[in-house]
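Open your viewer and get ready to select residues as we go. We will walk from the inside of the chain to its surface, stop at some ring pairs, and finish with charged partners.

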Amino acid sequence: MGEILRVSGLQKQYSGFALKNVSFSLEEGYIMGFIGRNGAGKTTTIKAMLNMIHPDGGEIDVLGQNYQDNELALRGQIGLVMGGVDYYPHKKLGTIAEVTRRFYSQWDDQVFADCMRRFDLDPAKRISQLSQGMRVKFALALALSHNARLLILDEPTSGLDPVSRDDLLELFQSVIEDGRRSILFSTHITSDLEKCADYITYIKGGSILKSGDRESFFREWVLIKGSGNLGNAARQSLIGYHANAFGYSGLALPKDAERFPPECRHQPNLEEIMIHMERE
């Protein structure tokens, strides 16, 4: 398997916010979760990667080619899903697909028909008749039908009920089964990523805090939870220290966690990591 996406030193400056040397990479056949609180820079990163906003610096390589130099050729290899399909609400799905296919030389009518059956979508229905989850599925059907190798999903499960979210996560897993496609999945719903992501990239305040495979990502921190009072030195060793009437909690680096008794040391989940890192 080869590298499908490499982001190197991506920068974008706004008044009051900046992307600062954002770098990460993704290989074929995997799902990368792109996490961060609202306003951390997830959507800005995606838009800067795809020249939807002009970056101030950095390089993007897709399938080994520089995206900025080969944008027209590479655009067809990328399927972008920013929520569901909300444009042309009164148009039929088949009509939207007929218009979309004209923009892609590798559009495959058979793949589109297969996707529509697989996702239980009726071409005669209108966008306004679809639930939010079905709109996301239709957006995926359009992306898969032009043989996109890299799917970039920006908050695709936001606002969906748990059953619909779980259904989509299973769909994402099936999309990458052939080992040729990869998914960059931007979300703040951390429980979704614990079910499907192979890699995690965490952005905070416009900078990448950590990017790596899921196992090494979780090994980076230890959750410390206990009761009673901590001394000042112990408190200062914790990231995002928080105390209430029931006790205290915080994240520690593995080397700092050793000062706490074993019963206080736990494996954090993604939500706990984000909560404490954002308190820092």
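On this tour, contact means that heavy atoms lie within 4.5 Å. Keep in mind that this is a predicted model, where local features need pLDDT of at least 70 and side-chain atom pairs count only at pLDDT 80 or more, while totals for chains, interfaces and linings use all residues. Residues are numbered from 1 along each chain as its sequence is written, and side-chain values use heavy atoms, with hydrogens and water left out.

**Stop 1: the inside**

Select Phe185 to begin. Leaving aside neighbours within four places in sequence, Phe185 is in contact with a set of residues that includes Ile31, Met32, Gly33, Phe34, Leu153, Phe172 and Cys196. Colour those partners and look at where they come from.

We now need two terms. Buried means under 20% relative accessible area, exposed means over 50%, and partly exposed is in between (1.4 Å probe, protein chains only). A nonpolar core is a set of buried Ala, Val, Leu, Ile, Met, Phe, Trp, Tyr and Cys residues joined through side-chain atoms within 4.5 Å.

Which residues of the largest nonpolar core touch the most other members? They are Phe138, Leu151, Phe172, Ile183 and Phe185, out of 49 residues in that core. Helix α5, residues 132–145, gives the most to this core, with eight residues. Next, select Leu5, Ile53, Val62 and Ile78: they are among the members of a second, separate core of 25 residues.

The helices and strands named here are DSSP runs, numbered from the N terminus (helices are H or I with at least four residues, strands are E with at least two).

**Stop 2: helix α1 and what follows**

Select α1, residues 42–49. Six of its eight residues are buried, so α1 is largely enclosed by the rest of the structure. The buried ones are Lys42, Thr44, Thr45, Ile46, Ala48 and Met49. Just after α1, find Asn51, which takes a positive phi of about 60°.

Move on to Met52, in the loop between α1 and β4 (57–62). Met52 is partly exposed, with a relative accessible area of 43%.

**Stop 3: aromatic pairs**

A pair of aromatic rings is described by the distance of the centres and the angle of the planes. Rings of Phe, Tyr and Trp (its six-membered ring) pair if their centres lie within 6.5 Å; planes under 30 degrees apart count as stacked, over 60 as edge-to-face and the rest as tilted. How many aromatic pairs does the structure hold? There are seven.

Show Phe24 and Phe34, a tilted pair at 5.6 Å centre to centre with 40° between the planes. Phe24 belongs to strand β2 (residues 17–27) and Phe34 to strand β3 (residues 31–35), 10 residues apart.

Then show Tyr30 and Tyr199. Their ring centres are 5.4 Å apart and the planes are at 90°, so this pair is edge-to-face. Tyr30 sits in the loop between β2 and β3, and Tyr199 in strand β9 (residues 199–204), 169 residues apart. Tyr30 is partly exposed at 26% relative accessible area, and Tyr199 is partly exposed at 23%.

One more selection here: Phe217, Phe218 and Trp221, which ring pairs link into a cluster.

**Stop 4: salt bridges**

A salt bridge is a side-chain nitrogen of Lys or Arg within 4 Å of a carboxyl oxygen of Asp or Glu. By this rule the count is 14.

Select Arg37 and Glu278, whose closest N and O atoms are 3.8 Å apart. Arg37 lies in the loop between β3 and α1 and Glu278 in helix α11 (residues 270–279), so the pair ties together parts 241 residues apart in sequence. Is Glu278 buried or exposed? Glu278 is buried, at 19% relative accessible area, whereas Arg37 is partly exposed at 47%.

Now try Asp114 and Arg117, with closest N and O atoms 2.4 Å apart. Both lie in helix α4 (residues 109–118), three residues apart, about one turn of the helix.

Finish with Asp167 and Lys137, which meet in a salt bridge of 2.5 Å, N to O. Asp167 lies in helix α6 (residues 162–175) and Lys137 in helix α5, so the pair ties together parts 30 residues apart in sequence.
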